[in-house]
Amino acid sequence: MRSDLRTTGTDLVIPVTRRLPVGAEPGPAGVHFRVWAPDRERVEVLLEERGDARLLAREPGGYHAALVADLGPGARYRFRLDAGDAFPDPASRFQPEGPHGPSEVVDPRAFAWTDAAWTGVRREGQVIYEAHVGAFTPEGTWAAAMRELPALADLGVTLIEIMPVAEFPGRFGWGYDGVDLFAPTRLYGRPDDFRAFVDRAHALGLGVLLDVVYNHLGPDGNYLGQYAQAYVTDRHATPWGPAPNYDGPDAGPVRELVLANASYWIDEFHVDGLRLDATHTIHDDSPEHILTAIGRTVRERAAGRGTLVFAEDEAERVALALPTEAGGLGLDGIWNDDFHHAARVAVTGRREGYYRRFLGSADELVAVTRGPLGSPDAIAPPCLVTFLENHDQIAHSPRGLRLHALTSPGRWRALTALLLLSPGTPLLFMGQEFAASSPFLFFADHGPELARLVRQGVRQPTDDGGVRRTEADGELVRRAGLAAADPGHRVLHADDVRVHLGVDAHFFLVVTAAETAPLAGAAGVGPIVT
């Protein structure tokens with residue numbers, strides 16, 4: 001896109017070519033800054049190293065922009081609003097000191113990609129592996145996770161689904177309360193470390209899906225309201241508070257921000273698609289629903305490279321994955337929670353809470369491989385992401401136990417065979433391939449007051465008779481990692497999921513547990529619906 005700006009102190013209008021509509025973008029003439037702040041008369045960019053400020057020129061529609069010469073990647077900055085307080089960039093590409101610190105200028109062109117021959121992914125024949133970067137390895141970094149990619153490729157995994165990475169406060173967290181949509185969290189490394197992870201995955205024949213959250217932003221470090229109250233609306237509500245403004249007055253720049261973010265991950269990080277969190281809480285009465293727009297934007301930005309956009313939808317609306325010409329929203333698939341629920345009832349016999357409507361019978365297990373129970377719409381089986389475990393469902397169980405710990409080995413193997421041989425798209429949660437003994441609980445590192453509110457919000461009986469764990473126990477957070485499953489050096493056997501693709505093979509996975517100091521400080525620990 002192009003943006004004409006009036007440089008500070010001159011009457012010269014310079015045309016600037018931008019990759020995205022907002023944020024800081026370096027180029028030959030310097031760094032171009034652009035931010036939507038319709039509630040503010042004066043916006044300045046404060047340059048940390050230089051110790052000076054540059055006034056941004058007002059543009060139509062509430063935008064402010066300026067080109068700062070002799071500035072490049074690595075520069076740190078904030079935006080000062082109406083000569084008052086200064087805040088991070090709402091479209092910051094990196095927050096090296098966390099969400100409350102300065103933003104950093106990043107040049108996406110500096111990374112040397114080697115995946116030019118990669119053609120992307122298609123919906124059929126995939127095996128998805130869900131992982132949390134911080135808990136996947138003892139180090140909890142992109143570099144450490146990258147070392148595990150060959151083992152996943154040998155296992156038969158074809159797509160790695162990464163839990164959310166947008167910057168969030170604290171030293172650890174699931175990532176669903178991110179506050180800087182464009183900034184990969186500093187906890188796992190720098191943005192180029194994420195790029196290196198994707199590049200290596202592609203070299204091994206693995207696609208990468210990114211879990212993104214467009215239904216809310218977290219409460220700690222979220223400064224959007226300082227720039228514009230119109231980022232949210234009271235027309236709709238979500239479990240986390242006001243809804244993003246996708247259809248009210250001034251919704252255009254809000255939609256633009258989210259669509260730019262979806263485009264950003266596809267273009268600047270080469271990810272192969274998105275998993276959209278809790279789409280049942282994304283409200284939009286616009287002529288084109290924001291979910292349809294996201295799917296369209298991803299395909300357009302990929303420019304012929306195969307991509308996938310899946311929705312996690314509590315209502316399991318099949319229409320999400322139907323073509324727009326058939327009245328659907330045009331996404332590629334939905335998470336099939338009913339498969340998990342029926343399977344869990346079948347092997348545990350427990351039918352409390354949202355399991356009440358399931359019988360766990362053989363007929364029901366067959367039915368849920370074809371779609372959600374009671375759905376009037378037909379759906380192609382590859383559109384259904386089926387699973388026995390994911391981050392939510394494990395954390396919802398008492399003590400965060402994995403499903404194999406709640407049933408017998410024989411039943412677990414039978415369910416695994418059903419998962420891998422059913423016509424849907426199977427998803428494994430990290431460690432499932434070797435029946436990891438480590439639990440997986442909700443964990444977050446909040447300040448004292450927010451931690452208290454989180455504990456109050458989740459300290460209640462679970463649907464299956466347990467009590468949610470919410471103690472501020474850093475050891476429980478550490479135990480969520482795969483490295484804590486077995487001390488020392490252990491070789492564990494697992495059935496190769498290549499059976500889903502018709503290949504008869506097995507593999508051995510090596511897991512090394514490193515010494516990890518217990519984490520100190522308050523952390524709300526307990527399952528949470530995302």
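**View 1. Contacts of R305 in the predicted model.** Leaving out residues up to four places away in sequence, R305 touches W118, T119, G120, I266, H270, V271 and D272 (contact: heavy atoms within 4.5 Å). R305 sits in the loop between α7 (290-302) and β20 (308-311); helices (H or I, at least four residues) and strands (E, at least two) are DSSP runs numbered from the N terminus. The model is predicted, with local features needing pLDDT of at least 70 and side-chain atom pairs pLDDT 80 or more, while totals for chains, interfaces and linings use all residues. Residues are numbered from 1 along each chain as its sequence is written, and side-chain values use heavy atoms, without hydrogens and water.

**View 2. Polar contacts of the R305 side chain.** The side chain of R305 makes a polar contact with the side chain of D272 at 3.4 Å (a pair of N or O atoms within 3.5 Å, within protein one able to donate a hydrogen and the other to accept it; residues adjacent in sequence count only if both atoms are side-chain atoms). A polar atom of the R305 side chain also lies 3.4 Å from the backbone oxygen of H270. R305 counts as buried because its relative accessibility is 17% (buried: under 20% relative accessible area, 1.4 Å probe, protein chains only).

**View 3. Lining of the largest cavity.** P164, A166, L181, V212 and V213 lie nearest the centre of the largest cavity, among 16 lining residues (cavity: a set of points on a 1 Å grid over the protein atoms alone where a 1.4 Å probe fits but cannot get out; lining residues have an atom within 4 Å of a point). β16 (207-212) and α6 (251-268) each supply at least two lining residues, and β16 gives the most, with three.

Technical notes:
1 Å grid on protein atoms, 1.4 Å probe; cavity = no way out; pocket = protein on both sides within 12 Å on 5 of 7 lines; lining within 4 Å. Buried < 20%, exposed > 50% of the residue type's maximum accessible area, 1.4 Å probe, protein only.
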